[in-house]
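Take the sequence and the model side by side, and follow one residue at a time.

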Amino acid sequence: MSNLDRQAALTVCGGRGFVVAEPVRELLSPRNVRLGESTEVRRLLPNLGRRMVGAWAFVDHYGPDDIADEPGMQVPPHPHMGLQTVSWLHDGEVLHRDSTGSLQTVRPRELGLMTSGRAISHSEESPRPHARFLHGAQLWVALPDAHRHVEPHFQHHADLPRVTGGGGLTATVVLGELDGALSPGTTYTPIVGADLALAPDTESRLPLDPDFEYAVLAMSGEVYVDGVPVLPGSMLYLGCGRTELPLRAASAAGLMLLGGEPFEEEIVMWWNFVGRSGDEIAQARNDWEKGERFGEVHGYDGARLSAPELPATPLKPRGRVR
Ligand code: MN
């Protein structure tokens, strides 16, 4: 999906100063953001209290929305740079088109992974006809300097490895590795993303890597993460230094575990771009506006997105989280 915020701020993220080295329980509240006419999302990252978790730099949770009589998701062609996008659905479907020629319907618990590398453009829409409910998450992963100029490409993986722990826990490995199970999606930093399905009235323990920092996004159900109730649409930041995570579900629940080695490079995020300087961001914006570098998306019924104005004040100095 796209960041459709017309007042997009330049944000500096990453760097060791943001990372909490020990286990913490820090509840992150979502910010409601409208995407186009019919979709409202809850934005968890970047958040006032926290900007990244490992290389995860952007998290939107949307739905479940009843779109039976609506167009649903309609995100026109727009550019990306310096990141990967992960589309993850619990209900509904999203039709993805991009400038490398991809045309792919992504369905619940299938991985749609787009690596922008130096430049890509894409559109995302609810196909016609579509399922009644749309529920999912859109996540971005920042690419490290060594790989941020790779060739753009799109991967679709319908068959992802599963880990079944005791206590009614089923984990689907979306990206990276969890408990020895490895997602086929290409990664560029030590990272994990996993979908956690919990059976009602169960307790379980999820094995973690103490060198990673983690957060859990609640998508549905009544769930307690390390004892903390986390409502759907909220995220609990967990810090580093954990070898396992206690989970309790009072009802059937769906979560996403996001984690990774702390991302030590400082990055600059603005609109749909990740770069290393304000000048690089401005160049990318100009290239998109001139119709250069980001290729063309074919088949989308509508005009492409134009970039918002860059803020008049240049880069916000980086502040500590708290
Ligand atoms: Mn996008």
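Predicted model: local features only at pLDDT ≥ 70, side-chain atom pairs only at ≥ 80, totals over all residues.

Arg148 sits in the loop between β12 and β13 (153-157). Is Arg148 buried or exposed? Its relative accessibility is 8%, so Arg148 counts as buried, the cut-off being under 20%. What does the side chain of Arg148 touch? A polar contact of 2.7 Å joins the side chain of Arg148 to the side chain of Glu280. Neighbours within four places in sequence aside, Arg148 is in contact with Gly82, Gly117, Arg118, Leu143, Gly275, Arg276 and Glu280.

Charge is the next topic. Side chains of opposite charge can pair when their charged atoms come close. How many salt bridges are there? The count comes to 15 salt bridges. One of them is formed by the side chains of Arg34 and Glu40, with N to O at 3.7 Å. Arg34 has 48% relative accessibility and therefore counts as partly exposed. Glu40 is partly exposed as well, with a relative accessible area of 35%.

The side chains of Arg97 and Glu125 also meet in a salt bridge, at 2.9 Å from N to O. Arg97 lies in strand β8 (residues 94-98) and Glu125 in strand β11, so this pair ties together parts that are 28 residues apart in sequence. Arg97 and Glu125 are both buried.

A further salt bridge links Lys290 with Glu292, whose closest N and O atoms are 3.8 Å apart. Lys290 counts as exposed because its relative accessibility is 55%, and the cut-off for exposed is over 50%. Glu292, at 40% relative accessibility, counts as partly exposed.

Now turn to the aromatic rings. A search of the whole structure gives 7 aromatic pairs. In one of them, the ring centres of Phe212 and Tyr214 are 6.0 Å apart and the planes stand at 40 degrees, so the pair is tilted. Phe212 and Tyr214 are both buried. Another aromatic pair, Trp288 and Phe294, is edge-to-face, with 6.1 Å centre to centre and 80 degrees between the planes. Trp288 is buried, and Phe294 is buried too. Which residues do ring pairs link into a cluster together with Trp288 and Phe294? Trp270, Trp271 and Phe273 belong to that cluster along with Trp288 and Phe294.

Some rings also have an arginine over the face. Arg304 lies over the face of Trp288, at 3.6 Å from the ring centre. Elsewhere, Arg248 lies over the face of Tyr224, and the distance to the ring centre is 4.3 Å.

The backbone is the last topic. Where are the cis peptide bonds? One of them joins Leu45 and Pro46, with omega about -10 degrees. Pro46 is placed in the loop between β4 (39-45) and β5 (56-66). The peptide bond from Arg128 to Pro129 is also cis, and its omega is near -5 degrees. Pro129 is in the loop between β11 (120-125) and β12 (133-142). Strand β11 is the strand that holds Glu125, the salt-bridge partner of Arg97.

Positive phi values are a further backbone feature. Asp226, a residue other than glycine, has a positive phi, near 50 degrees. Asp226 is found in the loop between β20 (223-225) and β21 (228-230). Arg293 is likewise a residue other than glycine with a positive phi, in this case near 75 degrees. Where is Arg293? Arg293 is in the segment after α1 (278-289). With 41% relative accessibility, Arg293 counts as partly exposed.

How values were computed:
Residues numbered from 1 in each chain as written. Heavy atoms only, no water. Helix = DSSP H or I, 4+ residues; strand = E, 2+ residues; numbered from the N terminus. Buried < 20%, exposed > 50% of the residue type's maximum accessible area, 1.4 Å probe, protein only. Polar contact = N/O pair within 3.5 Å; in protein donor to acceptor, adjacent residues only side chain to side chain. Contact = heavy atoms within 4.5 Å. Phe/Tyr/Trp six-rings, centres within 6.5 Å; stacked < 30°, edge-to-face > 60°. Lys NZ or Arg CZ within 6 Å of the ring centre and 35° of its normal. Salt bridge = Lys/Arg side-chain N within 4 Å of Asp/Glu carboxyl O.
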